[in-house]
Amino acid sequence: MEFFKYKQPLGFMGKSKIAMAISIILVLASYAILATKGLNYGIDFAGGTIVQVKYEKKAPIEAMREKLKGNKLFDSATITKFGSPQEVIIRMKTASASVSKDIGDVTRAALKGTGNFKVRRVDIVGPKVGSELKEKGLMALFLSVAAILIYVAFRFEWRFAVASIVALIHDVSIAMGAVSLFQIDVNLDVLAAILTLLGYSLNDTIIVFDRIREGITKSKKANLTEIINESITRTLARTTLTSLTTFFVVFTLFMFGGEIIHAFAFTLLVGIIVGTYSSVFIASPLLLLFGFDVKGYHTKLAEKAKREAEKNRMREQFESGVM
Amino acid sequence: MKLNYRIVIFALAIVFGIVFSLPSLLQTQSGKKITLGLDLQGGLHMLLGVKTEEATKSRIKSMAASIKHFADRNDILIDGLTFDDKSVTFEVLDSDDIKTFDTFLSKIEGVKVTDKNSVITLTLTPKEIKKTKKQAVSQAIETIRNRLDQFGLSEPIVARQGKDKILVELAGIKTPQEEQRARKLISRAAKLEMMAVDEARNARVYNMSDADAVAYGDVILEDVKNPKIKYLVHEIPILDGGMLTGANVGFDRNNRPVINFKLNAEGADIFGDFTGKNVGKRLAVVLDGKVYSAPNINERIGGGSGQISGNYTVLEAKDLAIALRSGALLAPIFMMEKRSVGPSLGADSIKASMIALIGGFVLVIAFMMVYYRMAGLIANIALIANLLLLLAVMSLFGATLTLPGMAGIVLTVGMAVDANVIITERIRELIYEGKSMHKAVEDGYSNAMTAILDANITTLIASVVLYVYGTGAIKGFAITMSIGILASMLTAILGTHGIYQMLESKMSKSKNYRFWFGIKG
């Protein structure tokens with residue numbers, strides 16, 4: 001079976017202006033959403049308490065609210081459905097520091113008489129741990145971007161590195177915008193999804209860049225636009241197919257993986273779509289925009305080859321005892 | 001068919017994968033297995049902090065107690081014995097006694113002694129304070145570990161995290177009651193004190209404020225059964241639980257559980273001296289700031305054993321005895337982070353992630369087969385080998401599989417075939433250019449190599465950073481992702497190449513491009 005068989009390179013670069021415009025709008029919209037709606041930090045980063053309760057029948061949310069009302073411990077509590085109608089989550093901004101007295105036990109006592117239920121999960125994150133996790137998370141994000149930047153600059157050329165980082169920022173911005181738009185709880189798992197997205201999106205970009213590099217070194221053509229169009233066309237099958245298989249698995253994770261993994265799968269789902277798009281329509285045109293000089297690169301390569309040859313000649317001469 | 005080094009390595013990898021993943025897959029009795037994280041099997045994860053400043057306070061307090069005992073024993077008159085967070089002050093009334101005192105004080109380590117007109121002050125040095133705080137954390141870890149070892153759960157984890165945090169992980173906690181018992185046992189200070197009732201003033205205790213009591217060097221304590229009953233006792237205890245050598249559950253005349261304890265020689269001495277001198281007065285048995293009993297002293301009590309009676313069940317008494325035996329917590333602990341997952345939720349998570357894994361796996365396998373035919377089948381063999389290897393390596397290292405870790409495996413399924421997609425696309429391109437199948441395969445592999453390596457290394461960089469900076473369950477995600485990527489290099493690149501080489505003679509005879517690579521050619 002074959003979906004991607006092209007005799008002629010497709011004119012991706014011709015459409016790059018439109019793509020750029022769409023991307024700029026999307027990124028700006030994401031920042032606007034982030035600025036107005038903000039991120040909904042979950043307890044991992046903000047600190048607080050989560051109590052997950054499962055009822056045998058449909059959860060009587062109204063009755064629960066009534067029962068918790070007036071109890072000082074539950075002042076800041078919000079009750080929301082969690083996955084199935086039987087299951088709810090009680091969220092609080094406070095975190096009790098007591099070891100022997102537990103909010104799970106308190107909740108169990110407070111909800112007595114609302115039906116048969118089980119407290120299935122109690123998560124408490126103190127403010128100190130929360131801010132530590134936030135610090136560590138930002139550090140991880142920063143470090144991986146830096147490490148990747150260095151690697152790509154080392155393997156390719158600085159313009160490739162900058163182009164891929166801009167594409168990454170583009171992807172992460174839009175993914176975060178979606179997280180903000182749907183008011184998804186930002187916890188450690190969303191951070192993990194963002195980091196995975198970094199790796200994944202870059203993975204895509206690198207495959208295309210690798211082809212472009214190959215095109216630049218192998219072909220005598222000096223027109224970067226043509227080289228890029230050809231490289232993207234040739235890698236289009238791979239880009240689409242791998243994205244598709246990854247999309248399959250993340251989608252099944254999103255649909256069937258359970259409520260706890262939902263935020264992770266959602267972030268990744270958005271990320272895969274945006275990441276695939278950006279490696280084709282954003283990262284490559286940026287190379288053009290940064291003015292990558294094919295002729296210059298060719299001369300550089302030629303010089304390098306010449307130096308190598310010179311070195312080899314000297315070594316040979318040395319070894320054969322001429323010098 | 002022809003053997004080559006690639007197929008041999010690949011076959012060995014598969015054998016390795018099967019052998020070492022079997023114990024985990026079949027849950028056999030012996031062999032190394034993957035441990036399920038607390039979020040999958042249910043359990044309690046806690047990060048505890050230690051109120052280290054309380055440790056210095058109690059250090060000062062016990063120093064004051066020993067000074068008082070020394071003075072009483074040697075008939076030295078002292079006055080105004082007071083203490084604050086860092087120092088103890090008292091006045092020696094007869095300056096002739098100062099010499100005797102000095103030799104005693106010089107034995108106390110880590111304090112600075114000043115003497116101003118017979119008013120002696122002992123101050124803890126900053127170094128000693130630091131040491132005491134550090135010790136408080138180590139002691140808390142040791143104590144909690146001792147207590148949990150006697151609690152009867154399999155393999156409790158108690159470890160220091162960072163400078164002053166304690167990580168406690170208890171797998172296999174099944175019920176909320178069990179969890180509560182564990183938490184109570186861990187957090188109980190278990191500080192046993194024998195305190196003298198201030199008989200001269202005790203009658204006025206109900207009209208006294210806490211500040212009034214402090215002015216007399218006393219403290220007001222409640223009765224454990226009835227908080228309305230109050231006692232006025234001397235703040236400096238006669239002795240504390242540090243001198244305890246044993247504690248066991250026994251039963252009193254009414255067959256109610258009590259705790260029998262025994263003191264060491266020094267404790268027995270102090271206890272004997274005190275009771276001998278205070279016949280007719282009352283002695284309060286105080287545990288964690290509550291008076292359990294305050295019997296009259298009828299005669300000198302030697303031998304150094306005693307009893308704590310309270311209103312507890314046999315199970316509570318048992319836990320209390322464990323706590324007393326493992327020693328008091330020098331400083332109270334507090335909850336910094338807690339994650340507890342019920343076993344039913346863990347089971348649900350396993351079920352859901354398994355459905356996702358199998359669903360994703362079937363979709364990917366079917367797609368590869370339909371789209372690439374034989375090449376897809378070869379990629380699928382590599383994918384299965386990849387999963388086996390992943391499980392084998394995790395079992396071998398006893399790695400923990402968490403829910404995010406499961407997500408990592410699911411994602412590996414999607415991404416591991418990437419290498420084969422890249423390679424097969426390259427092969428197809430070369431076939432279109434008119435190369436023979438054999439040549440196309442060889443060149444396809446070498447052409448695709450740099451791209452695959454670069455792509456995998458960048459993903460690996462992100463995973464490693466996530467492992468180093470991630471915490472708890474997220475580390476599990478980084479582990480499965482990293483192992484999955486590394487294993488895919490072996491299976492998807494080397495393994496599939498080996499299979500093609502093995503099938504080379506068949507392939508070069510065939511002109512059926514559709515069968516091999518799913519294209520017309």
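**View 1. A strand pair that links chain A to chain B.** Strand β5 of chain A (residues 117–125) runs antiparallel to β18(B), and five bridges join the two. Two strands count as paired here if DSSP finds at least two bridges between them. Helices (H or I, at least four residues) and strands (E, at least two) are DSSP runs, numbered from the N terminus. In this pair, A:V122 sits opposite B:S340 of β18(B). Keep in mind that this is a predicted model: local features need pLDDT of at least 70, side-chain atom pairs count only at pLDDT 80 or more, and totals for chains, interfaces and linings use all residues. As for labels, residues are numbered from 1 along each chain as its sequence is written, while chains are lettered from A and ligands numbered from 1 in the order in which they are written.

**View 2. The side of chain B that touches chain A.** Here 66 residues of chain B are in contact with 63 residues of chain A; contact means that the C-beta atoms, placed from the backbone, lie within 7 Å. On chain B, the elements that each supply at least two residues to this side include β2 (43–50), α6 (176–187), β18 (333–341) and α10 (343–372). The largest share, 15 residues, comes from α10(B). By class, this side of chain B has 39 nonpolar, 17 polar and 10 charged residues. Ala, Val, Leu, Ile, Met, Phe, Trp, Tyr, Cys and Pro count as nonpolar, Asp, Glu, Lys and Arg as charged, and the others, Gly among them, as polar.

**View 3. A four-stranded sheet in chain B.** The strands of this open, antiparallel sheet come in the order β3-β4-β6-β5. β3 (78–83) and β5 (111–116) of chain B are the edge strands with a single partner each, so one side of each has no neighbour in the sheet. From one strand to the next, the twist averages 15°. Axes are lines fitted to C-alpha atoms, for helices over the stretch in contact, and angles run from 0 to 180 degrees between N-to-C directions. Helix α3 of chain B (residues 52–73) packs on the sheet and touches β3, β4 and β6 (119–124) of chain B, with a direction about 170° from that of β3(B).

**View 4. Zooming in on two strand pairs of that sheet.** β3(B) and β4(B) (residues 87–92) pair in the antiparallel sense over four bridges, and B:F83 stands opposite B:V88 of β4(B). β5(B) and β6(B) are antiparallel too, over six bridges, with B:D115 opposite B:I120 of β6(B).

**View 5. Two helices side by side in chain A.** The axes of α8 (residues 224–256) and α9 (residues 262–289) of chain A come within 10 Å and cross at roughly 180°. That makes α8(A) roughly antiparallel to α9(A); angles under 35 degrees count as roughly parallel, over 145 as roughly antiparallel, 65 to 115 as roughly perpendicular and the rest as oblique. Their contact has 16 nonpolar, eight polar and no charged residues. Among those that meet are A:F247, A:V250 and A:F254 from α8(A), and A:F266, A:L269 and A:I272 from α9(A).

Key:
Two residues are in contact if their C-beta atoms, placed from the backbone, lie within 7 Å.
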